[in-house]
Amino acid sequence: METNLGWIVLALPLAGALILSLWPGEPPKAVTRAVGVGSVFLAFVLTAVVFAGMLGDDPSSRSHVDGLWEWITVGDLRVDLAIQIDPLSVLMMLVITGVGFLIHLYSTEYMAHSAGYRRFFAEMNFFVFSMLLLVQAANFVFLIVGWAFVGLASYLLIGFDYDRPAAVAAAKKAFVINVIGDVGMVIAAWLIMREVGSLDYGAVLSAAPGAFGDSGVADAVALLLFVGAAAKSAQVPLHTWLPDAMEGPTPVSALIHAATMVTAGVYLVVRTHALYEIAPVAGDVVAVVGGVTLLMAATIAVAQVDIKRVLAWSTVSQIGYMIMGAGLGAYAGAMFHFLTHAFFKALLFLAAGIVIHALAGEQSMDRMGGLNRYLRFAYFAIAVGCLAIAGIPGLSGFFSKDEILAVALEAGTLGIVLWVMGTVAAALTAFYMFRLLFRTFHATEPEGGYAHTPHPSGWAMNVPVAILAVLAAIGGWLQVPGGWHAISDWLAPVLADVPEPLEATTRGEWITSLVTSGLALVAIGAAWKIFGRDDTRRRALARRFAGPRPVLEEAYLFDEVYEQTVVQPGRDLADAMLTGVEPRGVQGIVVAAATTVRDAAVGMRALQTGLVRTYVFAVAAGAVVVAVVIALVR
Amino acid sequence: MPWITAIVLLPLAGALSMLAVPEGARGRTQARAHALVVSAAALVLTCIAVGLIDRDLGTLQLVDHHGWAESLGLSWDVGVDGVSVWLLLLTTGLFFLAFVAAAIRLPERGRGFLALLLLAEAGLAGLFVAGDLVLFYVFWEAMLVPFYLLIGVWGGSDRGRATLTFVIYTMVGSLLMLVAIIAAAFIAQDHTGQLTFNIQELRGVAFTEGESTLLFAGFALAFAIKLPLWPFHAWLPLAYGQAPILVTGLLAAVMSKAGVYGLIRIGLPIFPDGADNFAVPLAILAIVGIVYGSLVAWRSPTMRMLVAYSSLAHLGFIVLGLIAFDTVAAQGAVLQMINHGLVVAAAFAIVGIISARTGREGVDDLSGMAAGAPRLAGVFLIVAMAALAVPGSNAFVGEFFILAGVFEHHIWMAVLASIGIVYAAVYMLRLYQTSMNGPVTGDGRRAELRGSDMLTLLPLTGLMLLLALWPASIAGSTRSSVERAIAPAQVAAGRPAAEVAAPVEVNPPEDHLPLTSQQGGTP
Amino acid sequence: MTGVPPSLYLGVSVALFLLGLIGVMIRRNPLMLLLAVELLLNAANVALVGFSRYWGNTDGHIFALVVMVVAAAEVVVGLGLVVAVFRNRLRLDVDEMSTMKG
């Protein structure tokens with residue numbers, strides 16, 4: 001029953017995308033809305049049914065695999081078009097369809113003035129389908145397929161306004177970096193094929209400890225998979241595409257580049273945790289990458305002026321927490337933070353979208369300020385989101401972030417270093433989020449007024465934001481230290497094979513909570529002092545940090561370095577081949593050969609006198625020479 | 001019923017009977033109908049043949065054998081196995097679509113154009129079913145003539161140079177192949193006491209390593225030029241650039257498979273030692289071709305050149321898959337031959353439509369066409385994604401398993417070839433984005449796909465989607481054929497016995513030694 | 001073996017051949033050229049028949065007959081060309097008939 005419903009859940013958004021794409025002519029907006037939103041809503045309802053059904057099952061029998069048909073058999077390897085429904089994938093599916101539905105609903109109003117209304121919903125539905133495929137796949141092949149399809153959907157939606165060169169360039173960058181990640185995963189799949197001879201999760205993950213042993217192959221596979229995870233989840237050094245991806249419409253940023261797709265890397269690490277358990281080096285690398293990313297992104301977010309870029313860097317930073325947690329072995333904690341982050345980051349993006357919509361597309365915080373008088377609803381929504389992400393006790397981010405940090409405390413020296421980084425970044429998070437809140441809604445109105453008279457949003461935008469605000473506020477109570485552990489319990493069947501799960505101690509939890517919430521309050525206070533009322537202090541601060549500020553604004557110059565060391569040399573090499581090797585080498589050899597033959601022929605032509613007697617003489621002389629030679633040799 | 005003979009001779013007869021069609025305006029309609037009916041009949045016959053063969057059997061089936069000059073070992077010998085039947089289907093299928101496209105937009109002197117296309121179809125179909133080296137050679141050369149004329153008469157402004165390079169270059173290779181064919185037959189006679197050109201009977205002949213290497217080199221050079229393999233591709237930019245776009249599509253989609261097919265049908269099974277000695281050099285050339293083709297495609301000035309060089313890169317993957325002597329890789333390579341045929345045909349069709357309607361060839365001359373041409377943008381996106389082998393596309397299946405098989409034996413080759421995957425994304429996105437995205441121009445509305453364009457593009461994209469969803473439809477029937485083809489080479493490469501899935505013939509069989517009579521080995 | 005020794009046959013043959021060769025080389029009239037070629041062929045014939053007799057088999061005779069047929073055919077073509085040239089009122093001089101020269 002679960003898998004049958006799983007197939008339907010998978011098929012619904014695909015059907016929506018196909019109907020919207022193939023609808024002859026331009027469908028009425030009502031039809032587009034009904035199909036686009038309806039398919040995702042139905043998928044959510046059916047996922048909820050699956051979830052409810054699984055709640056009634058015994059925890060040990062909650063995993064189901066079902067193949068539709070034999071996709072291919074090559075050599076002795078058989079791959080089926082198969083899905084796996086288990087607690088982990090159902091948790092992901094709930095978030096994808098649930099948050100996805102809310103964002104689709106929000107988009108009906110946000111995108112109302114767009115000429116590509118139908119295209120938008122077709123591509124969004126395609127994304128939901130791809131993301132569901134990614135989490136439902138039962139083998140590495142369809143994981144990679146889903147992985148690439150979400151990348152394709154992301155590409156299409158980042159470049160939704162395809163007449164803007166910036167959007168097109170951002171889309172291309174996102175696609176190419178994700179292809180690099182895909183290649184990493186594909187090589188990992190080859191290595192798995194070579195060592196295990198199968199690509200099914202079940203066979204690979206259960207055989208992994210025996211098949212890989214201590215040979216280092218497990219580390220190699222885990223690291224290669226993480227290349228894919230890092231590219232998709234925007235971890236250092238493959239993170240540069242995500243901020244640029246903000247060129248896409250805001251609902252796209254909320255769904256793909258905040259709530260779901262970018263957390264696929266976390267899902268991957270949790271899904272293949274059996275590999276990371278036997279790959280200590282890879283696990284540490286993952287944790288360190290997560291730690292470096294979360295701190296670096298938090299510092300960059302402090303200096304951004306574009307409201308969506310602040311949120312984008314904040315996303316990079318928050319995924320860093322999840323990746324760090326997953327790398328340390330806090331799989332349930334990482335998934336918990338994924339869940340709460342989906343709520344509050346989607347909330348923040350959608351609420352920021354209300355602001356952007358109200359100002360007719362203005363995204364620079366320099367052109368905002370004092371908006372709380374006009375957009376009270378968005379103000380409260382963003383405030384809730386900021387409180388949640390800053391880790392104020394009682395709201396969702398507090399519980400999930402602290403769980404990861406508390407576990408880090410138990411992970412030896414490395415864990416303590418990472419804990420310090422995470423704690424510092426938590427303070428920075430509170431600072432830059434409230435900087436966003438204050439600069440947008442408090443402070444003073446910009447000189448020269450707003451780009452557009454702010455107008456409040458309608459119900460289709462407000463209802464999803466309200467629901468997400470409630471979830472962001474209370475979502476953390478699913479898992480309370482010392483109380484109950486709904487997420488850990490739900491994922492327990494999936495994580496049952498972890499030999500020595502890392503668990504936080506009560507003391508660690510108290511230390512973490514007190515330190516982070518204390519720092520968060522200090523940071524909020526500092527933000528209020530600097531950004532709360534007018535911008536004199538802000539300008540003074542900006543002057544004082546005139547040196548390092550551009551470095552932060554340019555995100556530590558990663559783009560510049562890549563351009564100089566990778567892209568431009570490749571371009572030069574290609575040009576050298578096109579203009580040098582190709583005409584002079586490859587073609588040149590052929591031309592040279594042809595010319596030589598022709599020149600030789602021209603020379604030989606002198607012998608063709610046209611006079612019969614010379615020919616006869618040559619023949620006779622030749623015959624004499626041959627005769628003489630024969631006579632002499634004898 | 002001699003199905004295979006009929007499939008080869010039908011287009012030939014169609015080309016000859018085209019002479020009965022009158023010249024002039026009335027004849028044009030008749031010529032169209034004539035070509036369409038003939039190629040449709042060949043396609044139907046091929047579909048029947050696909051249905052008739054036993055998919056689990058690796059040997060030649062539907063064999064037609066007719067003695068011709070038996071004392072010289074020559075015969076009319078055609079048949080198909082699980083590999084060649086798909087190439088035959090690719091040939092008749094794509095040629096049928098080409099005739100549909102040609103019928104819609106028939107060039108000047110249409111009667112001759114269609115007749116030559118039919119001749120080319122007969123040559124290629126014959127090549128893929130030939131079971132005799134001399135027959136193989138005859139078809140190999142025969143298809144050159146119609147392509148020569150098609151480029152020379154209907155080609156672009158620089159067609160003279162293009163045809164000359166194309167013909168002379170491929171001729172050089174094929175003459176060496178002719179020498180190798182004759183030498184192979186006579187050397188085999190020394191070993192087995194029997195003069196034969198039959199490919200099946202030459203399998204397992206115990207050539208010495210030196211003989212095997214030299215003979216393989218003779219064949220491999222011809223195949224490498226035809227493919228083309230880097231750096232033997234000098235004719236490719238000229239011929240692909242100057243040919244009518246329809247012919248370019250057929251050259252890239254079908255004719256390029258002739259060289260690869262020669263490797264798997266003749267090179268690996270008959271000269272395993274030579275193949276083993278040349279495996280790494282050929283693989284290196286293939287990898288260089290992948291990277292080189294991708295880089296040059298990235299910076300190519302025209303759309304046509306971009307697709308042409310991408311084809312060079314894609315063929316590198318296919319060669320790599322065969323030369324790895326691995327069942328998985330070889331099955332992937334066979335699948336990829338079909339995939340590449342479909343994708344590159346569709347890509348050239350789209351490029352042809354765009355440049356015909358807008359009058360522009362340069363990649364950077366176009367912009368923002370998606371606004372006026374949503375259908376074109378959609379189809380183009382599917383084709384571009386398949387061309388860059390995005391996971392989930394049909395080309396991904398082939399490339400994934402080719403490199404998975406290569407990875408099994410040569411990790412570094414697979415990893416190096418992966419560079420090509422990344423650059424494929426770069427150059428295909430350049431092609432797609434610069435033409436479809438960016439500031440909107442009026443070109444889009446002019447180039448939007450019409451119903452007649454859909455007649456060729458829909459079947460191509462439909463098949464691409466089918467193969468993406470169900471690659472087993474082809475891969476399911478290639479396994480035993482592929483295993484049989486690569487088994488000798490696997491033995492020569494010293495692979496463990498567990499990997500060699502098919503029996504390796506010994507010719508003459510050991511119980512026949514020493515040779516007592518002229519009746520040497522009977523396979 | 002009685003009768004004429006083979007060296008005499010060869011002597012006649014060589015003499016005829018040299019005459020023909022000189023004729024081909026120094027004559028410019030195509031008719032004379034044809035005659036000289038005829039001498040060459042017949043020199044070969046003499047040698048063939050002579051050796052045939054010397055070895056006591058008939059191969060040489062057969063070759064000689066073939067050569068005669070070829071010679072006849074050649075003369076037909078050659079004379080035809082000469083007539084064609086003459087009809088066009090060109091000078092009968094082989095040195096001037098060189099338009100086919102590359």
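Predicted model: local features only at pLDDT ≥ 70, side-chain atom pairs only at ≥ 80, totals over all residues.
Now go to B:V319. Which residues is B:V319 in contact with, leaving aside neighbours within four places in sequence? Pick out B:L227, B:L229, B:V260, B:L282 and B:A286.

**Where A touches B**

Select the contact between the two chains: 40 residues from chain A and 47 residues from chain B. Stay on the chain A side. Colour β1 (64–74), α5 (140–158), α6 (165–196) and α24 (558–605) of chain A; these are the elements that give two or more residues to the side touching chain B. Which element of chain A has the largest share? That is α6(A), with 14 residues. Colour by class next: this side of chain A has 28 nonpolar, five polar and seven charged residues.

**Last stop: α20 of chain A**

Select residues 486–495 of chain A, helix α20. Its buried residues are A:I487, A:S488, A:W490, A:L491 and A:V494. Why are they on the same side of α20(A)? They cover an arc of only 160 degrees around the axis, which puts them there. In general, an α-helix has 3.6 residues a turn, so residues three or four places apart point the same way. Finally, show α3 (87–110) and α15 of chain A, which are included in what covers the buried residues of α20(A).

Note on methods: Residues numbered from 1 in each chain as written. Chains lettered and ligands numbered in written order. Contact = placed C-beta atoms within 7 Å. Helix = DSSP H or I, 4+ residues; strand = E, 2+ residues; numbered from the N terminus. Nonpolar A, V, L, I, M, F, W, Y, C, P; charged D, E, K, R; others polar. Buried ≥ 20, exposed ≤ 12 C-beta atoms within 10 Å, placed from the backbone. Arc of directions from axis to C-beta.
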